[in-house]
Amino acid sequence: MARNAQALRRRTAEAIAQRSEMTVRTRTAPTGLRARLRYGFDNTMSRGTPALVAWLFAVTVLLVVVFAVIDIVSGMRRDRIGFWEAAFQALLHALDPGTVAGDTGARWTFILTMLVLTVAGLFIVSALIGVIAAGIDARIAELRRGRSVVLESDHSVILGWSDSIFTVISELSIANESRRRPVVAVLADRDKVEMEEEIRAKVPDLRGTRVVCRSGAPSDIDDLAIVSPTSARSVVVLSGDGAEPDRDVIKALLALRSLLAVGEGPRVVAQLRDPANLEVARLIGRDRPGGISLLDIRETVAKLVVQTSRQSGAAAVYRELFDYEGDEIYFLEQHPLAEATYADAQLHYDQLTVIGVAEGSSVQLNPASDTVVGNRSLVVIAEDDSVLATAPRSGAAVAEDAFSDHVPEQPRPTHAVVLGWNERAPIILRELDRYAAAGSTLTVVTEHGTPGVPTTTSLTITVVEAGTTRRAVLDEHVPPGCDQVIVLCYSDDLDPEAADATTLITLLHVRDILARSESSTPVISEMMDDRNRVLAQVADIDDVVVSGEIVSLMVAQLSEDARIEPVFHDLLEEEGSEIYLRPAEWYVVPGREVSWATVVAAAARRGETAIGFSSPRLAEAGSRVGVTVNLAKGETVVAEPGDRVVVLAEL
């Protein structure tokens, strides 16, 4: 039995070895001529439509030559012809089946041979049509994927995708009206056709600007090269809606730096959501003149909310100055006012409002009235940059006897109410504390989030965790005598539509509570979607700050002129001069018709710069305030109750 077992094991091992040898022979690639020819043919066919067309052409030539030789050698024709004529006749039979019908009277052998050629030609022509059609379809599909290079120069490039892209494109289209054939190139990791359709739906009027969309990752150098950033006028990097949007922005900035030469290239503007990432973003742009213009979305929106909450109508002023509709901020470099003082410069131009002076990257808004302008540029508000060179001089008279002698009031303790909470709320509370008088109080009511109240010096903050859409809660915590109400959206916990819907419900309750007590408390709201601002007008609130819209307006302005960055900084910071809407009777005698130049001179006497006029008479339907800026010096105004002058002034 032992011998039998050994024999069985030996036979089993031999069988396994044979199977292994067969498997190895099976897996070994063939190396014969046929295999090599097939391998070469496969490689040729994998090159796409051009290779297929070339093969069909070669087969057609071979077919024509073979049948032409057969025709001549066999003597099937009744008449004798040369090779080239026979080849041409064979080509006609291969391409046009109707040619056979003209062979009547010929020998049957010739007709049969040409019929075979015609059938073979039908297969070749059919294959050729199919190949060409497939190639065209593939090319169209490739174009729809948005992978072709944008061959443009002096264009604007937008990297990334968010809801703010529509405001940026709209503003750039307005700024490009004076340019010839302007182009905006968009690169985002989205489908090209979907991007184009969404832009057409939300920005229907591009005012002659052509928008080119390409699909790709802005952080990929090869994808980034598709939109030709090296030849662009400006590059805007948007912060997306992903989990780590700042990370994508920083990677896109690194990719830009690798493509752009040091000290050259377009202006670069980037959005960031976390202030902690500002420093690393600045390091990326340290080799570029002026660096990279960075906008911290969280801090910018928070400061705008605070500025507008302190006085109704301020949001309309900021929107007027930050967008390209109406009047905006420019720099006037060539002027005859080198020997003039700042007070004289304010009255010099009829349709320009001088708000400061600039030298290099340094900007000073609302300097002292006796400041000599010198060789510095003037910071002005104008309808368009095209009017700067031909701005007419003012001839309006100043009626000094119409000046008012109002004594400014001393700051007093206030009480504010904040309804809602999000990541910008701590910054808002810190900013409110900077402006608050000692002894001021503030109540925070929220039903979402965990409020992290910052340390304050002038404000005493109380947090109430309760539903901000419940009427009983609002009746208890929104007293008629409060000085300001700020309604924040729950952007951290709800989607944009749900957050705005909650905000609208809160606004309706708050305005009804204040209306019943006949209180004039200003109500400021923050929203996510600009389309919901129209709905907010039903609540009859004072101002709405749309988070993405305001920042997008600033991004568009910075992409056109990086010098405006310090102007934005000064307008939003506590230090220096800011925008205020103050009663008109502080400047001129009420009820008297005076020129706007008189108001400007009255403000200059107080160390302020008058830039606009606010009146309920100027309000549009659904709004409580109406604001106009950059009035002509010769235009007349009458100060009535409720009218206010928009000025740049220190607190």
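Asp512 and Arg516 lie four residues apart in helix α16, so about one helical turn separates them. The two residues form a salt bridge, with the closest N and O atoms 3.0 Å apart. Arg516 is exposed, at a relative accessible area of 66%. Asp512 is partly exposed, at 28%. These values come from a predicted model.

Asp512 has a further partner. A salt bridge joins Asp512 to Arg471, and here the closest N and O atoms are 2.7 Å apart. Asp512 belongs to helix α16 (residues 496-516) and Arg471 to helix α15 (residues 471-477), so this pair ties together parts that are 41 residues apart in sequence. Arg471 counts as partly exposed, with 25% relative accessibility.

The salt bridges number 26. One of them pairs Arg424 with Glu526, the closest N and O atoms being 2.6 Å apart. This pair links distant parts of the chain. Arg424 sits in the loop between β11 (415-419) and α14 (425-435), while Glu526 is in strand β15 (residues 523-527), 102 residues away. Both Arg424 and Glu526 are buried.

Strand β1 covers residues 156-159. In a regular strand, side chains alternate between the two faces of the sheet. In β1, Ser156 and Ile158 point one way. Val157 and Leu159 point the other way. All four residues are buried. Strand β1 runs parallel to strand β4 (residues 234-237), and four bridges join the two. Within this pairing, Leu159 stands opposite Val237 of β4. Strand β2 (residues 183-188) also pairs with β1 in the parallel sense, over four bridges. Here Val157 has Ala185 as its bridge partner in β2. From β1 the chain crosses to β2 through helix α6 (residues 165-175), and this β-α-β crossover is right-handed.

A separate set of strands pairs in the antiparallel sense. Four strands form an open sheet, in the order β17-β22-β19-β20. The edges are held by β17 (578-583) and β20 (627-629). Each edge strand has a single partner strand, so one side of each is left without a neighbour in the sheet. Neighbouring strands of this sheet are turned by 30° against each other on average, direction ignored. Strand β19 (residues 609-614) pairs with β20 over three bridges, in the antiparallel sense. Ser614 stands opposite Val627 in β20. Helix α20 (residues 596-605) packs on the sheet and touches both β19 and β22 (644-649). The direction of α20 makes about 130° with that of β19.

The average pLDDT is 83, and 85% of the residues score at least 70. Confidence is highest in β1, at 95. The lowest value belongs to helix α1 (residues 2-27), with a mean of 54. Over residues 23-28, pLDDT stays under 50. For residues 23-28 the model has zero contacts beyond four places in sequence.

Conventions:
Residues numbered from 1 in each chain as written. Predicted model: local features only at pLDDT ≥ 70, side-chain atom pairs only at ≥ 80, totals over all residues. Heavy atoms only, no water. Buried < 20%, exposed > 50% of the residue type's maximum accessible area, 1.4 Å probe, protein only. Pairing = 2+ DSSP bridges. Right-handed = clockwise from strand over helix to strand, strands pointing away. pLDDT = per-residue confidence, 0-100. Contact = heavy atoms within 4.5 Å. Axes fitted to C-alpha atoms, helices over the stretch in contact; angles between N-to-C directions. Salt bridge = Lys/Arg side-chain N within 4 Å of Asp/Glu carboxyl O.
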